[in-house]
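Reader: Hi! Could you walk me through how the chains in this one pack together?
Author: Happy to, let's have a look.

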Protein chains: 4
Amino acid sequence: MSNKTRVGIVGASGYAGEELVRLLTRHPGVELTCATSRQYAGQTIGSLFPRYRECQVCFIEPSPEAIAEKADIAFMATPHCVAAEYAGPLLQKGVKIIDISADFRLRDPAVYEKYYKKVHPAPELIKQAVYGLPERNGDKIRNSSLIACPGCYPTSILLPGTVLLEAGLVRTDAIEAISLSGVTGAGRKVDLQYIFPECNESIRPYAVTGHRHLPEIEQELALAAGVPSVTLNFIPHLIPVNRGIHSTILFYAKEGCSAEAALAALHKAYDGKPFVRILAPGELADTKHVTMTNVCEIGCAFDARTNRLIVSSVIDNITKGAAGQAVQCMNLMCGFDETMGLI
Amino acid sequence: MSNKTRVGIVGASGYAGEELVRLLTRHPGVELTCATSRQYAGQTIGSLFPRYRECQVCFIEPSPEAIAEKADIAFMATPHCVAAEYAGPLLQKGVKIIDISADFRLRDPAVYEKYYKKVHPAPELIKQAVYGLPERNGDKIRNSSLIACPGCYPTSILLPGTVLLEAGLVRTDAIEAISLSGVTGAGRKVDLQYIFPECNESIRPYAVTGHRHLPEIEQELALAAGVPSVTLNFIPHLIPVNRGIHSTILFYAKEGCSAEAALAALHKAYDGKPFVRILAPGELADTKHVTMTNVCEIGCAFDARTNRLIVSSVIDNITKGAAGQAVQCMNLMCGFDETMGLI
Amino acid sequence: MSNKTRVGIVGASGYAGEELVRLLTRHPGVELTCATSRQYAGQTIGSLFPRYRECQVCFIEPSPEAIAEKADIAFMATPHCVAAEYAGPLLQKGVKIIDISADFRLRDPAVYEKYYKKVHPAPELIKQAVYGLPERNGDKIRNSSLIACPGCYPTSILLPGTVLLEAGLVRTDAIEAISLSGVTGAGRKVDLQYIFPECNESIRPYAVTGHRHLPEIEQELALAAGVPSVTLNFIPHLIPVNRGIHSTILFYAKEGCSAEAALAALHKAYDGKPFVRILAPGELADTKHVTMTNVCEIGCAFDARTNRLIVSSVIDNITKGAAGQAVQCMNLMCGFDETMGLI
Amino acid sequence: MSNKTRVGIVGASGYAGEELVRLLTRHPGVELTCATSRQYAGQTIGSLFPRYRECQVCFIEPSPEAIAEKADIAFMATPHCVAAEYAGPLLQKGVKIIDISADFRLRDPAVYEKYYKKVHPAPELIKQAVYGLPERNGDKIRNSSLIACPGCYPTSILLPGTVLLEAGLVRTDAIEAISLSGVTGAGRKVDLQYIFPECNESIRPYAVTGHRHLPEIEQELALAAGVPSVTLNFIPHLIPVNRGIHSTILFYAKEGCSAEAALAALHKAYDGKPFVRILAPGELADTKHVTMTNVCEIGCAFDARTNRLIVSSVIDNITKGAAGQAVQCMNLMCGFDETMGLI
């Protein structure tokens, strides 16, 4: 009998679920013992995702009991509110939770309600949740039982943004984050606007004044800057690629800021971190260098004319932006090498 | 013998040249009598552009004399400095010039030199050039013999931007224009970075602190705002689509500004203009609705939290951003209906 | 009051319907007076298709009466069986029908039933229907009131195939047609297999032993060859482009066949036809040269080693493969120039 | 000091070279000690391929001496004729060769000369070369010092084709192979026909009567069938995806052939082979399920009307079609597990 950690995926039928299947089935430290899906219960994972057709794990109907019976760690890849409903029962049964939905990202349940249009089902659990950005919160993640993995857009923005604010190189006001995402970011969603001919040869922004990832970005930037709040414009766009997010972030430079100073601060924060790569001065990021990896690449340019620091940051939205980061958190929680199963 | 206006294309072997071929060969008011290309001299246009394979016009070696002999109007689709060199001789021979290169866009030859790294070959002609944005400068275009057609990025930014500044709805400082362009925007250029596998599934910014279109945008925005200068951040990105530019422009709102007020100002400026369409409140632009047309679509949103007006503007970079706009100028210069050959 | 021909589109909410809107609204000889859609009744065409947002025609609930009141000609862009149900009532009221669905393509209602799994609703009308391939059946189309427009795949295969068989250059047995289609060919269908991430970076065949277009191709090839029947393999594939079909057709050469002989036969058949272009010997077709046009391009190569004539044929599946060809038929029926509104 | 096998890549600057970098740098059994490139000599691999930017191996000028000094095994990713020139000196110095160019694939130097337009530089070495299809020639590969890795198209066609011919299920005459390849198949080649706007939204065949992979396919099919020669039509097409080949292969069925019989033969041949997956009856292959993997997926359908077996086979052209298969060969040669570094 294997003494590997037993892991389950709750809500495994989407793109993040599929990527979790990829990562967890080849991870040497864990065994994928359970996956839930109301829609596909009774089918094997392999029959839904032909890329992993040899995977014989069967989807089961979700319930905290069924999951607790089979798994030591549950990855929640569910619509919002589900993880919050399952968290209590699962934690009580000793199952650790790595939530890649939005349920435990926001510290303030009122903000959750405003952006997700639902009353938070378990506000009392929020404060024990750790925001799952391993490069920032590694120690807390190691000791937590409830991880709130960041959204894809926030990951690309926060990895550079928190460091630059913390270093005092940039101002906390008048920040703009312009993000461009591949279509898997919209989920495995059957909707007219996402069929091929409607996305291909199309460039379009959406949700420019109140995307759900906005409060999460503001919350974490404020925390890093040590200020009560930060207010930014976040402008997401849909781009006809499968995977990848590019974020351009514009900050006002403080005294002493330059591309070199910014890059130095990023090096100081991330040298030795296996999944962040800081580009050379003048170099900008390109999503194609990180797709299908757990890497974030960050470049900086400085515009002296406007006194703006321009940050260019890329990730794979499904890997570092969701499933890969979740596995990275798991590695820390289990005492595995941080890169296990991710390289 | 036809009494149609005879038109020539100088430097016809690129994408803007190809689009001019498409538009001019089916235009009822003109006859395409001449096209030049050093590289393809002796071949027919149809042999280079199979889409227009029935076009029997032969490429000839370029020279002001050869062009003047065959054409009443010359479209300059040439690398920078060529139009400026040809303009004098051509104008002297009575040939009108519609320049889709950058040579006559900038009023100040020093700025030209700074951005194009060449001394302007004919600074004395700059002041007789009219900036060829027909929705803004229609009357001047009608009476001019030397048109400087705007760049593709500037067209998408200036159509909304000039109106909003002129209307006093937005501030002249702290403007950001984030633009996303299809790959034809890079020209029909044989370079490793533009081959299919390097562009497909790639999202990347470039030239974020000093793109050549920047001074042209600043110049025209300042003019519209009635101020000596405007300084903005212009952040272009390369996107894996063939055609289309989307620009997101962020302005600080002045007192009284709102999405509705902005849209009203745009309606006032452009209602009746055949090639500008103002979207409904809350609607954002999508390049796929304008590709292969001469239309610019503009939407607005207002973010009360940050007091920013967010403008979303799309064009086809090759049509409204280059060849189509050039033909629209020609229509005005020739007294044709503004839409002739363009719908 | 306009004395233009009044045209209606029945089932206008798909991609063929959208293309009919494009073509009919700018056609100088007709007026689009009516469009039906159960789903979108009450909305304007412009609200559904933002590309044509100025189009104020309202979708109405479909019924033969409503259509007959408003239109002299009805384009049927409906699921199968609908056109067959409407045809009787519409013809009786004097409305001519151009059917771009499959209802009147097959001469034998038993074959229809076999491939479409429905009893043909109006078998008595089949024999008055004319197969709407204008380059082959122009005279019959001119005098008909009921046109069965060919499918997209058949159009690309029949334009070369019928001529080569008729000319006796190739054998009637052992024909293969391998076709590659853009995703609009699947319709404006909201289905998981057609969302962007499932189509992009994917190449796949489908329906390789009994696609619905197969019997139609066989029927028309047999007719051209003057034989009772022809049996071929038809292998369609889905390709991540929006528009375009490429068909490679493999024939066994008869005595005297060569690329040159095949091209000569094609020239003889199609010289003077405005929408067929025969390529030079050795040249093969590329969809990008015909997208957004009503043109079919045909190239030929001969493989002496295997004695096969290899035909390469491209069309735009939505234009020449559906809406454009329908308008071309209409032009003939109305006595307009064949190219009116199509160039 | 590491006792890992030292491997080098000769001609490492193309897409196959890049994929070798990916696979060899994370392979636990080998160390990448050397890479050659005339063009990039002096630069690190990481500077050329930003995806692998941490790779500090420097490109050096190629020469058999330089390679032999640093490597036990040399992967040849060079234009044709180079591997044949280097093979003698390298073998003499005890370096094993895994050639992913075409130099040692064809048994007959006259056929090489006909298709590659060069006299073969080392015909005497041809007979010691083993055709590097591990699923077919595993034992020979284990004991060889000179591997001729198959071309990408041949791999996709031979894996199913050899088995079906060997099993006597299909006829050896009148075979057609229609293949669709992503653009990386054309190499990292800077040529107008491969820039993004020329490939995107384009579908086109090429080299339909004499592609260089044709004789290699015919040679290996004949060998499997036990006949002196097989003659087929091979029709390649270029498709706008980055990676992936789909081949449809049409065979005439012999008595007793059916989809089930074909699948059974394939199962018998490949069950237990880690990189071949046989699909269920009726299922066809899709490139997206194998990209970025070393897997070949094969499906079959049977058309009773025409008595044809239709085989659908997919690989990643760069992995199983080039670099991955080369590493798989290396694993056998070195006594590693066949899947090492490939899953």
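**Chains A and D**

Author: Between chain A and chain D there are six salt bridges, each a side-chain nitrogen of Lys or Arg within 4 Å of a carboxyl oxygen of Asp or Glu. This is a predicted model, where local features need pLDDT of at least 70, side-chain atom pairs count only at pLDDT 80 or more, and totals for chains, interfaces and linings use all residues. Residues are numbered from 1 along each chain as its sequence is written, chains are lettered from A in the order in which they are written, and side-chain values use heavy atoms, without hydrogens and water.

Reader: Which residue forms a salt bridge with A:Glu297?
Author: D:Arg53 does, with the closest N and O atoms 2.7 Å apart.

Reader: And what classes of residue sit on chain A's side of that contact with chain D?
Author: Nine charged (Asp, Glu, Lys, Arg), five nonpolar (Ala, Val, Leu, Ile, Met, Phe, Trp, Tyr, Cys, Pro) and four polar (the others, Gly among them).

Reader: How many residues does each chain bring?
Author: Chain A gives 18 and chain D gives 18, contact being heavy atoms within 4.5 Å.

Reader: Why do you say A and D meet through the same surface?
Author: Because 100% of the interface residues of chain A are also interface residues in chain D.

Reader: Switching to chain B, what rotation puts A on it?
Author: One of 180 degrees with 0.0 Å of shift along its axis, at RMSD 0.0 Å, by least squares on C-alpha atoms of residues with pLDDT of at least 70 in both copies. That is how a two-fold axis relates copies.
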